[in-house]
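These are my notebook entries on a two-chain model. I looked up helix packing first, then confidence, the interface and single residues.

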Amino acid sequence: MTAPLLEVRDLSVALSRAGEVTTIVDRVSFALEAGQVMGLVGESGSGKSVTCRALIGLLPGTLSIAGGSVLLKGRDLTALEPEALRRMRGREIGMIFQNPSSHLDPVMRIGDQIAEGIRLHRGASRREARSAAVDLLRQVGIPDPEQRAGGYPHEFSGGMRQRAMIATALACDPEVLIADEPTTALDVTVQAQILRLLLDLRDRRGLAIILITHDLGVVAQSCDRIAVMYGGTLCEAGAKRAVLAAPRHPYTARLIACQPSQGDGGHLLPFIPGQPPALADLPSGCRFHPRCDRTFDRCTAARPEPSWPEPGHMAACHRALGDAA
Amino acid sequence: MSAVAGTTAVRPRLKLRLPRVPGALWWGAGIVGFFVLVALLAPVIAPYDPIAQDTANALLPPGPGHWLGTDNFGRDVLSRLIWGTRIDLMMGVFGVLFPFIVGTAIGCVSGYFGGWVDVVVMRIVDIVIAFPFLVLMLAIIAILGPGLGSFFIAMALVGWVSYARLVRAQVLVLKASDFVTAARSLGYGHLRIMARHILPNAMVSSIVFSMSDVVLTMLLGASISYLGLGVQPPTAEWGVMVAESQNFIIRAWWIAAFPGVALAVIALGFSLLGDGLGEWLGVKE
């Protein structure tokens with residue numbers, strides 16, 4: 001069996017502020033093959049964005065990787081020098097963001113923003129980069145790309161900006177693309193188009209995609225695998241069908257129950273009572289136990305270790321292997 | 001049907017293409033443009049040699065032959081005014097350009113890298129600002145010796161602080177902005193991010209500021225020439241003209257009045273240009 005394209009092992013991220021160190025991402029592990037889409041799901045503050053920032057070495061100043069490794073094609077990115085890490089960024093792991101309006105340079109033409117990455121990473125000439133940029137705009141589905149390449153971000157609509165941002169990320173020809181809530185800021189109709197575009201690019205380029213989202217509907221539509229985060233830890237991970245059909249972690253089960261589905265109008269959606277835990281003040285034992293409806297004595301006493309109820313399906317719950325526990 | 005679709009498609013574009021430029025910008029650009037034209041065409045349009053003396057016709061009031069009169073040496077005031085435009089514009093523009101370049105570069109590096117570099121640079125800025133501006137200028141010019149070159153050097157040494165502060169403040173905001181994060185996620189280096197992504201965004205407000213700074217610099221240049229430390233007589237310069245005329249101000253008001261008016265009008269022009277530009281580019285003072 002060959003090693004996966006991207007393997008994250010026991011990745012921890014710590015926040016150090018005023019001499020205090022708080023672990024905000026705790027021993028997260030997952031693996032991703034080329035051509036796979038993994039949905040990284042969780043509530044706000046569950047550590048999904050921080051995990052992905054750690055992957056490409058773009059953590060804000062107060063955060064740092066506290067342990068674990070990120071293996072891209074067998075090479076540990078956490079051990080790289082800053083300069084080598086910078087060269088890896090974009091070229092091997094690219095990233096697109098939630099709010100395309102603010103993530104594009106407002107005073108640079110779209111075509112130039114795309115061409116810049118092509119020139120930097122592929123050493124193309126100005127003219128080659130220019131035509132490659134137009135070509136990328138066409139690939140991401142922007143009509144009339146020759147003309148649009150000369151436009152500025154403010155002349156683009158939200159969906160078009162997201163397409164343009166995807167083009168800037170693709171310009172560096174990455175193998176892994178991290179999409180941090182790429183559709184959250186967009187209209188529902190445009191959301192589906194962008195997701196389809198991402199899947200289409202996955203098929204054509206063999207791109208591996210990590211899709212950060214809090215929308216399980218998006219995951220159900222587009223992902224092969226799913227990883228659920230809660231309170232800075234991974235609580236469940238596995239193939240999408242297995243996880244959505246038979247969740248082994250009560251948090252995942254409750255998340256699925258909270259999704260609106262067609263035809264049940266008129267009923268209030270269920271919700272998970274309580275708040276996500278403050279990372280500075282984590283509950284003892286399982287981090288989900290204060291909000292869990294299936295707790296028993298061990299939940300408050302010991303943190304559940306990952307267990308595998310079936311091959312490739314991980315759940316960090318004391319009951320994951322059955323209620324007999 | 002298609003013809004109708006065609007016209008509706010063209011209409012809004014035409015509207016967009018005619019930029020909604022504020023009136024102040026047009027007026028400012030018009031006034032400044034006029035003076036630039038005068039400066040460029042000085043040899044063609046000036047009726048007399050600006051430094052040729054004609055003592056027989058000294059202190060003539062405005063009238064035919066000498067439209068703005070003559071000064072105490074019989075030099076034509078209009079010609080001196082026209083030639084003086086060159087010097088005064090040059091003082092205004094270069095007296096701002098050098099501090100602008102120096103200040104922008106220092107402010108950008110200081111804000112982007114932060115840490116001890118930032119601390120050191122900002123303390124130097126505080127020290128320079130703590131001195132009265134004119135006193136510091138006069139001291140530097142006194143050391144270097146009077147002249148236009150000394151004026152520019154002194155401006156670069158003293159004037160950069162305001163640009164450094166302005167740009168640094170912008171860079172601090174921009175370096176935490178989303179598009180800079182996006183640029184970093186694409187593997188761009190510090191130099192590329194600073195030069196291509198932060199600077200073009202950071203410079204807008206300092207460009208607007210520089211327009212009003214041109215006014216102050218021209219006035220400063222004229223004042224320093226007036227004090228005898230800038231442009232030296234007999235070169236035609238508005239400040240020099242005012243300085244030379246003060247003994248005759250009761251008898252010959254026109255020698256001082258016209259350079260004064262010219263200075264006021266060009267100052268108005270640059271102010272309007274700065275305000276209009278600020279409004280147009282959406283900068284709040």
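**Entry 1: a helix pair in chain B.** I looked up which residues of H9(B) meet H11(B), counting two residues as in contact if their C-beta atoms, placed from the backbone, lie within 7 Å. From H9(B) I noted B:Val204, B:Val208, B:Met211, B:Ser212, B:Val214, B:Val215, B:Met218, B:Leu219 and B:Ala222; they meet B:Leu263, B:Ile266, B:Ala267, B:Phe270, B:Ser271, B:Leu273, B:Gly274, B:Leu277, B:Gly278 and B:Leu281 of H11(B). By class, the residues of this contact are 15 nonpolar, four polar and no charged. I took Ala, Val, Leu, Ile, Met, Phe, Trp, Tyr, Cys and Pro as nonpolar, Asp, Glu, Lys and Arg as charged, and the others, Gly among them, as polar.

Elements are DSSP runs numbered from the N terminus: helices are H or I with at least four residues, strands E with at least two. H9 covers residues 190-226 of chain B and H11 covers residues 253-281 of chain B; they pack at an angle of about 170 degrees, with axes 8 Å apart. I record H9(B) as roughly antiparallel to H11(B) for that reason. The label applies over 145 degrees; under 35 counts as roughly parallel, 65 to 115 as roughly perpendicular and the rest as oblique. The axes are lines fitted to C-alpha atoms, for helices over the stretch in contact, and angles run from 0 to 180 degrees between N-to-C directions.

**Entry 2: source and confidence.** This is a predicted model, in which local features need pLDDT of at least 70 and side-chain atom pairs count only at pLDDT 80 or more, while totals for chains, interfaces and linings use all residues. Residues are numbered from 1 along each chain as its sequence is written, and chains are lettered from A and ligands numbered from 1 in the order in which they are written.

The model scores ipTM 0.83 and pTM 0.78. For chain B I found a mean pLDDT (the predictor's confidence in each residue, from 0 to 100) of 85, with 92% of its residues at 70 or more. Where in chain B is confidence lowest? It is lowest in helix H1 (residues 2-17) of chain B, at a mean of 43, and highest in helix H5 (residues 115-130) of chain B, at 93. Over residues 1-18 of chain B, pLDDT stays under 50 and the model has zero contacts beyond four places in sequence. Where pLDDT is low, the predicted coordinates should not be read in detail.

**Entry 3: the contact between the chains.** I counted 23 residues from chain A and 14 residues from chain B. On the side of chain A that touches chain B, helix H2 (82-88), strand E6 (93-96) and helix H3 (110-122) of chain A give two or more residues. That side divides into ten nonpolar, eight polar and five charged residues.

**Entry 4: helix H6 of chain A.** I checked the length of H6(A), residues 158-171. Its 14 residues should span 20 Å at 1.5 Å a residue, and its end C-alpha atoms are 20 Å apart, which agrees. The expected span is 1.5 Å times one less than the number of residues. I note that 13 of the 14 residues are buried, so H6(A) is largely enclosed by the rest of the structure. Buried means 20 or more other C-beta atoms within 10 Å of a residue's own, exposed 12 or fewer, and partly exposed in between, with C-beta atoms placed from the backbone. Just after H6(A), A:Asp173 has a positive phi of about 60 degrees.

**Entry 5: backbone angles.** A:Asp10, in strand E1 (residues 6-17) of chain A, has a positive phi near 50 degrees. Is A:Asp10 buried or exposed? It is exposed, with 11 other C-beta atoms within 10 Å. A:Ala18 lies in the loop between E1 and strand E2 (20-32) of chain A; its phi is positive at about 50 degrees, although it is not a glycine. With 5 C-beta neighbours inside 10 Å, A:Ala18 is exposed. In chain B, a cis peptide bond with omega about 10 degrees joins B:Pro233 and B:Pro234. B:Pro234 sits in the loop between H9 and helix H10 (238-245) of chain B.

**Entry 6: A:Leu197.** This residue is in helix H7 (residues 188-205) of chain A and is partly exposed, with 18 other C-beta atoms within 10 Å. Beyond its neighbours within four places in sequence, A:Leu197 contacts A:Val140, A:Gly141, A:Arg163 and A:Ile166.
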